[in-house]
Amino acid sequence: MPPSFLPRLALLCLMVLALPGCASHGSTLGYYWQSVRGHLQIMQAADPIDQWITRTDTTPALRERLHLAQRARAFAVAELGLPDNASYRRYADLKRPAAVWNVVAAPPYALTLHTWCFPVTGCIGYRGYFAEADARAEAAQLAQQGLEVEVYGVPAYSTLGYMNWAGGDPLLSTFIAWPEGEFVRLLFHELAHQVVYAPGDTLFNESFATAVERLGSAQWLATQSTPQARQAFAESSARRNAFRALTRATREKLAAIYKQKQAPAHDSKALTAMKTEAMQSFRSDYAALRAGWLEAPSDRPTAMNAAQLAGYDRWVAHANNASFAAQAAYDELVPAFEALFAREGRQWPRFYDAVRQLAKQPETQRHQSLRALSPPKEPPGA
């Protein structure tokens with residue numbers, strides 16, 4: 001073991017513990033060991049993309065997708081100004097449906113996420129596990145404390161560039177087969193985390209990466225893709241946007257209900273009744289939205305079927321304060337970042353520099369600065 005490996009291993013311990021997919025139950029030693037072991041298993045499973053392409057047991061579909069990944073990775077550097085480093089130049093078959101499983105939690109009458117604090121990343125509103133059983137055990141403990149909890153699989157996570165010395169973050173089997181537009185947007189999202197990261201500010205970090213994925217994937221599809229891929233992505237984006245509009249409206253409705261918590265006339269029983277009605281309305285509105293999706297002509301290449309809606313169905317079935325609050329972190333400030341991109345002349349280097357300056361501000365100040373850029377909300381029915 002070379003001497004330089006020891007400080008690097010210590011850094012790995014700190015980094016992995018701070019990732020969405022890092023903690024474990026049991027002793028402190030077990031917590032550290034499972035964290036390092038889980039990440040190292042992913043790193044050790046990864047081989048260079050060129051090697052996978054030339055392997056005789058690589059399927060044609062995977063080989064085609066790996067070629068696409070190489071083109072998208074080069075595009076990310078040349079056109080989007082994203083980091084040119086070791087990340088996403090290797091591929092790993094994890095033989096499981098998710099890279100990690102996240103746990104989120106929130107109080108029964110608030111949309112404020114429970115937080116955990118880690119080295120490097122600061123305090124964040126989720127905790128991740130490499131084993132789903134550990135995630136569900138943590139969720140059960142939080143539920144016993146009276147919190148609403150949700151566990152969900154995550155297809156990828158970022159080490160923020162700290163692990164590029166060891167080969168970087170690899171492409172994973174958990175998302176390699178996604179439709180082209182969905183695949184490239186996730187790739188751009190994860191690379192964005194290596195550009196700017198404000199410790200402890202999940203809302204800022206995820207909204208920034210989501211803005212990069214939206215802007216970057218639009219640029220990719222307009223210049224590099226086929227009409228069929230553009231159509232498929234446009235339709236999936238329309239469904240995603242409609243669903244986000246529905247969940248955003250429900251969040252606002254729930255927030256208004258919870259704001260009445262201190263009012264003498266509203267005890268917990270009354271709040272629960274209003275909350276139940278809001279959730280029933282949400283599920284009813286989703287059922288109508290879902291029916292519309294399924295009514296699309298079945299002969300279209302991008303027509304939906306019930307199996308493809310499983311992810312939405314699962315989210316709605318388990319929706320609670322924790323899942324609504326977690327989703328807000330990924331989209332609440334996106335319009336502000338998009339406005340900032342426009343203000344900076346749609347020039348990626350200028351945009352990243354402006355975001356870096358925001359990241360240096362205190363959290364409250366940076367949020368205020370961003371919200372000042374956000375376009376006004378359209379009135380209901382507009």
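Predicted model: local features only at pLDDT ≥ 70, side-chain atom pairs only at ≥ 80, totals over all residues.

Reader: OK, so where does Leu-160 fall, buried or exposed?
Author: Leu-160 has a relative accessible area of 13%, which is under the 20% cut-off, so Leu-160 is buried.

Reader: And where is Leu-160 found?
Author: In the loop between strand E7 (148–154) and strand E8 (171–172).

Reader: Which loop is Arg-346 in, and what's its phi?
Author: Arg-346 sits in the loop between helix H12 (334–343) and helix H13 (348–359). Its phi is near 55°, again a positive value in a non-glycine residue.

Reader: Switching topic: how many cavities of 30 Å³ or more turn up?
Author: Searching the whole structure gives 2 of them.

Reader: Which residues line the largest cavity?
Author: The lining is made up of His-39, Ile-42, Tyr-88, Ala-156, Tyr-157, Asp-169, Pro-170 and Leu-172. By class that's 6 nonpolar, 1 polar and 1 charged.

Reader: How many charged residues are in the lining of the second largest cavity?
Author: No charged ones there; the lining splits into 7 nonpolar and 2 polar residues. Among them are Val-104, Leu-113, Tyr-126, Thr-202, Ala-329 and Tyr-330.

Reader: Which helix gives the largest share of that lining?
Author: Helix H11 (residues 321–331), with 3 residues.

Reader: Now Glu-206. Where is it, and what is it in contact with?
Author: Glu-206 is in helix H7 (residues 202–224). Setting aside neighbours within four places in sequence, Glu-206 is in contact with Tyr-126, His-189, His-193, Ala-329 and Tyr-330. Of those, Tyr-126, Ala-329 and Tyr-330 also line the second largest cavity.

Reader: And what's the nearest side chain of opposite charge to Glu-206?
Author: That's Arg-244, 9.6 Å away. A salt bridge needs a side-chain nitrogen of Lys or Arg within 4 Å of a carboxyl oxygen. Glu-206 is buried yet has no salt bridge.

Conventions:
Residues numbered from 1 in each chain as written. Heavy atoms only, no water. 1 Å grid on protein atoms, 1.4 Å probe; cavity = no way out; pocket = protein on both sides within 12 Å on 5 of 7 lines; lining within 4 Å. Points joined across faces, edges and corners; volume = space filled by probe spheres on them. Nonpolar A, V, L, I, M, F, W, Y, C, P; charged D, E, K, R; others polar. Helix = DSSP H or I, 4+ residues; strand = E, 2+ residues; numbered from the N terminus. Buried < 20%, exposed > 50% of the residue type's maximum accessible area, 1.4 Å probe, protein only. Lys, Arg positive; Asp, Glu negative; His and termini not counted. Contact = heavy atoms within 4.5 Å.
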